[in-house]
Amino acid sequence: MKPAEKEWTPKILAFLCNWCSYAGADLAGISRMQYPPNIRVVRVPCSGRVNPYFIIKALQRGWDGVLVSGCHPGDCHYISGNLVARRRFAVLKDLLEYLGIESGRLNFSWVSAAEGEKFATVVKEVVEKVKALGPAERLVKR
Amino acid sequence: MKSTTLRMANMNSQDTVSKGRKVGSVLVVGGGIGGIQTALDLAESGFKVYVVDNSSAIGGVMAQLDKTFPTNDCSMCILSPKLVQCGRHLNVEVLTCSEVTKISGRAGNFNVSVKQQPRYVDIAKCTGCGLCAKFCPVDAIDSFNKGLRDRTAIHISYPQAVPLAYMIDREKCVGCGLCKNVCLADAISYLEQEKEVTLNVGAIILAPGIREFDAKLKSEYGYGRYPNVVTSIEFERILSASGPFMGRVQRPSDGEIPKKIAFLQCIGSRDVTCGNGYCSSVCCMYATKEAVIAREHMSQIEPTIFYMDLRAHGKDFDKYIERARNKYGVRFARCRVSEVKEISKTQSLKIRYETEDGTQHEENFDLVVLSVGFAPSETVEKLAKNLGVELNKYGFCKTRTFYPIETSKPGVFVCGMFSSPKDIPQTVTQASAAAASVGKLLFSVRGTLIKKKKFPRELDVKGQPPRIGVFVCHCGINIGGVVDVPSVVAYAQTLPNVVYACENLYTCSSDTQEIIKNEIKEHNLNRVIVASCSPRTHEPLFQETIREAGLNSYLFEMANIRDQCSWVHMFEHEAATEKAKDLVRMAVAKAAKLNPLDRILLDVIPRGLIIGGGLSGMIAALALAEQGFETYLIEKEKALGGFLRNIHNTLEGEDPQRFLKELIRKVKDNHLIHTFQGVNIEEISGYVGNFRTTIAHASEKSELDHGIIIVATGGEEYRPKEYQYSMDPRIITQSELEDRLSTTTISTRLNSVVIIQCVGSRDNSHPYCSRVCCGEAIKNALKIKEKSPTTEVFILYRDMRTYGFAETYYEKARELGIIFIRYNENKKPEVIKKSENGRESLSVSVYEPIIGEQISIDADLVVLSAAIVPPDGNKILAKMLKVPLNEDGFFLEAHAKLRPVDFTTEGIFVCGMAHAPKSIEESISQAYAAASRAATILTKTKIEAEGIVALIDEKMCTGCGTCIILCPYGAITKNDVGVATVTAVLCKGCGLCAASCPERAIITPHFTDEQITSQTRALLGRITA
């Protein structure tokens, strides 16, 4: 008999903008809001800094889902970077779906520096969603 | 009275020292958060500062706190960087164990005698290693931990203490010599003597803080007799991770976890029987915070807060109370407890109280926390006497509404709790304000006594293979209590390029900075990683540390294993440890790819721009101009004055209109202030040091260049939609009443006036407290009584929030027969109009909780205390400035506690009601504070800008122009040969261009494609969650 394997949990990569979402994630911590430990954060100056290439690369490397989070429309520290990011990911999502990647693996959200609770909720939702989809293997390079 | 106050203000700003020169140094008495902030502001704007504190380390009361409301920030976490900054600032000299004994001279040039008690340990030699304390055989009471545990005779007051040097408690020391024998630094000297130091300073700032009320004086509550009755400060230590019980909430008597905890409010506050007729202003909030934190620590705890009025009058405080009530199940009970008795068998406590409806109750609790108030200490009284500074009847420093920072002695200023009870942000605000007041007095000698920081030459690390050092922080038990720190360290040691890894109790403490510097040298480190808290708060500190060790500050990376790991996975030790390892691995991967960057030096335009010509705006303009800076003052309306034009008297009986007239005259007369009235702002561009604002008046446009911006757009009175306002001339707002009171004599035929509080405040549309209305209502009620003693005045309220000394007027109002009736938010009063004999009568129906019946009060006048709301224009301005508003529409400061006038965007500041509703006094303090923060920039000819600026590889660029269209700052243009080029000062380093370049020809330094993808690759060999 094989030893009981640990329940599979997804690994999720998050790109958080320095000014809003990263601060929101800090606030979730300061407020001790608990969320699943499946997420690893990369801090970027702006959600607009996230090149679609980073996301494709992440999926190739075996991440099961990606979250990109920036400031709310109008709050962007760099005026419009978040809006450019959103346009960019709308296109990327279509492309990934065409490649057979479920749309739930790529998530985009607005989380402000005052929204610790929202950040925790977003993480919970993304983890649940990706968990339901199972491991992402389609793009993984072996 | 008026003329003398004005003269005094003038005296402070002009040359008072006719004989003898002015001196460019300042004495700060007290090293709490107020003293620290004022010292840092002064030192950053060109003054030499001496901080004198009577204890062995700076930090004051804030260092003893566990968390701070309303954000639940860890007090030590936010204080520690300031302690370190103060301790290591080149132009701040800290004198501990010291006391001011005498001053002579006058504003501009004082001689100060300071008596320094021996510490018996040489601060310069002591490394804070703690070996001495390990060997010390003597037990003494640990006063920092409120006697809840013992310490040794040789000790430090807390682990992050600055200066981090031990001290011998001479009374307890038995002179065994053990410590001297083990001290490797040879720092101990038993023969040290008391010293007398004389300082020559231009100004003095008093920030001595206060002491808590001695709870033994209220013997009915059993403090000192019953072990399970503790004070709030003791409970704060009990909650603290570095406290006597390591953050485990337990009873002092038996170490059991208490299930039911009672907080008794107003112990030594609002209590004339003990001589403290004032409200201590912070206890309602700190008790709620302690209740919430206790619940967080141990979910089985059931906290109850027994209070009289819930005073949550600060920014976002009411939301905190609601969260405590609804999410944490904190029970709030309105009543005053008459007695606490110990149940001898269990040492639990029986509490007797009477609820509003007059019924008596008894209830048992496992632990009782007395929310003690604050009063000035006797040593402060002595100090005031030595200095010749007047005190008020409660022993606080006497100040006046329009001069909240000035003492009765020219050249001596005050901030913090010593002038009135207040919370941390208000103390910090006043501390900055005091620095601006000093700036006004001493601006001519600015920069004469300071030293400039010299960093060692940067080591050239280009081409060297990465040698990474990893410092993993326990953060007390904040991280170490969840994450297995030693295993993270061991893991880090196995990662590529890591040549050194270690753990620290507090990586942010000043001794750890020395450790980091030493390890850099010892191991030839060329990249440094700190795995601790958030880079948003602590990156600058560590960057400066590695810079001091000769490394470029960009060769640094942080792994956020606290805010985004241990704090959010508190109950998943294993998963949190794995995550911490992952985060360290990602940081190591990035660090290996880091390159040094140069910061650009930017010129500073030494001019200020102030948006809003109300009280705050004008005070800020004057505060800048009187420090010698040219200032633009922009007002959208035709007249200056803002909301202050509606205020005709103050609780203290001063004349705001007269003050306003004088203020406007001073603004107009000052040749450095250029006012623009009736103008709109069209555009704001630029960055710290170099802003350009386009304003339009009529059809004309002008462009103004300036180095900083102060936002002072004020607040407005809410136009009520409730209580039939505007349907009847007898239903008016508070400011309409005030206007009537000032212009007409109130008719003695008015039989009855009913004032309704919280109209548009603390409801669904405006879920915040407008802070000023309770005081305003009492002020006008007293005015009515003064003019027409027979008129009955009723005030219908939810909580009377007459914080601080305003409480004494609440007391007076009750004595004069003004009737206060509390109403419940679910049972709001109703204004009823009835036609009788052709005359419409007005009455107010309200549920009276004491008699428990609905009653009807005939009213000749119904006055609505309408909320303070933010002006609509805030939204547009916030977008233009790219700064945030809070949910209520007020400007959101960089940090609720310690950066109350700053924005996260450098060079932009906020003051007055633009920030939140506040009183005249508080607006004036904040305006000065904004000017002080601005002066830290305007006094410099050059400031360092970010080193993160986009770089374009011209060889790869095809000139497609995508980046040019996308750049939000217009920082990219096409050059002669048709390829893109970046204007460095305009670039903010957002990286939008780099992410969009089809040729990948653009690099965002510090966030390069290579660095980011190396972080995501680092997860390949992932460990299961």
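**Exercise 1. Describe the contact between chain A and chain B, beginning with the polar contacts.**

Step 1. Between chain A and chain B, 21 residue pairs are in polar contact, counting pairs with both residues at pLDDT 80 or more. The pLDDT condition applies because this is a predicted model.

Step 2. Turn to the elements of chain A. Strand 1 (12-17), helix 1 (21-30), strand 2 (39-44), helix 2 (52-60) and helix 3 (81-98) each give at least two residues to the side of chain A that touches chain B. Helix 1 of chain A supplies the largest share of that side, seven residues.

Step 3. The side of chain A that touches chain B has 27 nonpolar, 11 polar and 12 charged residues.

Step 4. Count the residues on both sides. Chain A brings 50 residues to the contact, and chain B brings 59 residues.

**Exercise 2. State how much area is buried between chain A and chain B, and name the residues of chain A that lose the most area.**

Step 1. The size of an interface is often given as the accessible area lost when the parts come together. Here the area buried between chain A and chain B is about 4800 Å².

Step 2. Carbon and sulfur atoms give 55% of that buried area.

Step 3. On the side of chain A, the residues that lose the most area to chain B are Arg32(A), Arg40(A) and Arg61(A). Together these three account for 16% of what that side buries.

**Exercise 3. Compare the accessibility of the partners in two salt bridges of chain B, then name a network.**

Step 1. Asp66(B) and Lys67(B) form a salt bridge with the closest N and O atoms 3.6 Å apart. Both Asp66(B) and Lys67(B) are buried.

Step 2. Lys218(B) and Glu220(B) form a salt bridge with the closest N and O atoms 3.5 Å apart. Lys218(B) counts as buried at 9% relative accessibility, whereas Glu220(B) counts as partly exposed at 29%.

Step 3. Salt bridges that share partners join several residues into one network, among them Arg270(B), Asp309(B), Arg311(B) and Glu807(B).

**Exercise 4. Locate Gln160(B) and list what Gln160(B) touches.**

Step 1. Gln160(B) sits in the loop between strand 10 (154-155) and strand 11 (167-168) of chain B.

Step 2. The relative accessible area of Gln160(B) is 2%, so Gln160(B) is buried.

Step 3. Leaving out residues up to four places away in sequence, Gln160(B) touches Met76(B), Ser80(B), Leu83(B), Tyr506(B) and Ser509(B).

Step 4. Gln160(B) and Leu79(B) are 81 residues apart in sequence, while their C-alpha atoms are 9.7 Å apart in space.

Technical notes: Residues are numbered from 1 along each chain as its sequence is written. Chains are lettered from A and ligands numbered from 1 in the order in which they are written. This is a predicted model: local features need pLDDT of at least 70, side-chain atom pairs count only at pLDDT 80 or more; totals for chains, interfaces and linings use all residues. Side-chain values use heavy atoms; hydrogens and water are left out. Contact means heavy atoms within 4.5 Å. Buried area is the accessible area (1.4 Å probe) that two parts lose on being put together, summed over both. A polar contact is a pair of N or O atoms within 3.5 Å; within protein, one must be able to donate a hydrogen and the other to accept it, and residues adjacent in sequence count only if both atoms are side-chain atoms. Helices (H or I, at least four residues) and strands (E, at least two) are DSSP runs, numbered from the N terminus. Ala, Val, Leu, Ile, Met, Phe, Trp, Tyr, Cys and Pro count as nonpolar, Asp, Glu, Lys and Arg as charged, and the others, Gly among them, as polar. Buried means under 20% relative accessible area, exposed over 50%, partly exposed in between (1.4 Å probe, protein chains only). A salt bridge is a side-chain nitrogen of Lys or Arg within 4 Å of a carboxyl oxygen of Asp or Glu.
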